[in-house]
Amino acid sequence: MPRAQARPSFPPACLDELQKLVPPGPSVAVLDLGAGTGKMTEQLYAAGYAGSLTAVEPVEAMLDQLRQKQLPGVKALQGTSWSIPVESKSQDMVVVAQAFHWFDDLESLREMHRVLKPGGYLVLIWNMASKERSRWVKALRERYEIYQNTPKYASNQWRQIFSAPETQALFSTPLRQKIFANDHITTPAQIGQYVMTNSYIAVLPDTTKAALAKDVEAILADPANEFKVREDGTVIHPYDTDMVWTRARTPSD
């Protein structure tokens, strides 16, 4: 099963909050940065931002998948957070979903500020399996995240850049934040696949992966972890969606 299918979409309450920040309209320009295969792009499109919606992604293979989706009028462009291929002061909102921890640097924030209109919004969004609301999720994450050696949202290191004086000159602080429950309906088999298809797990030695897979089964089987399969064979996989936003400062700020 592709990992994208195992991940939840973003909850309606999150999109509602975006619409409150920046009401959709024909002339409202929104950019989905680090768009991947277009999971957030699709939801922005459906939320009314189809009038001027741009998706920017560095990986051509992912852009190809995005372009195959039925999203008439959406501009899908190859680019990075350090070189966004749109005009200066052209965007009302830049949305970064599941990606900012990969480019949480001043150069990227300068570029996002460049493309935003004065007072425009920068919105950072992450879905994360909820350790706070689920014992079995907590046990799983504590077991498999020991192998993670790449930047990650949960470390909160991405927040540090917003303490830099130059960042504070570009964007308003403190950051605003809302967290939404975003439970995902899945199956026991898909949960195991979700764990084992993490990129940092897939490259482990076979013996290590086999031991991890066995431990995943044991964690889910342990009554103390309260893993419950419903009558239809599905499982509620608790997720939280963290939405953080700020505004591009104006000359009068």
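1. Let me start with a charged pair: arginine 67 and aspartate 64 form a salt bridge, with the closest N and O atoms 3.5 Å apart. A salt bridge here is a side-chain nitrogen of Lys or Arg within 4 Å of a carboxyl oxygen of Asp or Glu. Both residues belong to helix 4 (residues 60–67), where they sit three residues apart, about one turn of the helix. Helices (H or I, at least four residues) and strands (E, at least two) are DSSP runs, numbered from the N terminus.

2. Before going on, please keep in mind that this is a predicted model, in which local features need pLDDT of at least 70 and side-chain atom pairs count only at pLDDT 80 or more, while totals for chains, interfaces and linings use all residues. Residues are numbered from 1 along each chain as its sequence is written, and side-chain values use heavy atoms, with hydrogens and water left out.

3. Back to arginine 67, whose side chain also meets that of glutamate 60 in a salt bridge (2.7 Å, N to O). Arginine 67 is partly exposed because its relative accessibility is 42%, and partly exposed lies between buried (under 20% relative accessible area) and exposed (over 50%), using a 1.4 Å probe and protein chains only. Glutamate 60, at 31%, is partly exposed, and aspartate 64, at 35%, is partly exposed too.

4. Another pair to look at is glutamate 142 and lysine 138, whose side chains meet in a salt bridge (2.6 Å, N to O). The two are separated by about one helical turn because they lie four residues apart in helix 6 (residues 135–144). Glutamate 142 is partly exposed at 44%, and lysine 138 is partly exposed at 37%. The whole structure holds 15 salt bridges.

5. Leucine 124 is worth a click in your viewer. Setting aside neighbours within four places in sequence, leucine 124 contacts Val96, Phe100, Trp158, Phe162, Asp242, Met243 and Val244; contact means heavy atoms within 4.5 Å.

6. Next, a helix pair. Helix 8 (residues 188–196) packs against helix 10 (residues 206–221) at an angle of about 145 degrees, and their axes are 11 Å apart. Axes are lines fitted to C-alpha atoms, for helices over the stretch in contact, and angles run from 0 to 180 degrees between N-to-C directions. From helix 8, Ile191, Gly192, Val195 and Met196 meet Lys209, Leu212, Ala213, Val216 and Leu220 of helix 10.

7. Finally, some backbone details. Threonine 173 and proline 174 are joined by a cis peptide bond, with omega about 0 degrees; proline 174 lies in the loop between helix 7 (165–170) and strand 6 (176–181). Glutamine 98, a residue other than glycine, has a positive phi near 60 degrees and sits in the loop between strand 4 and helix 5. Asparagine 156, also not a glycine, has a positive phi of about 65 degrees, and its place is the loop between helix 6 and helix 7.
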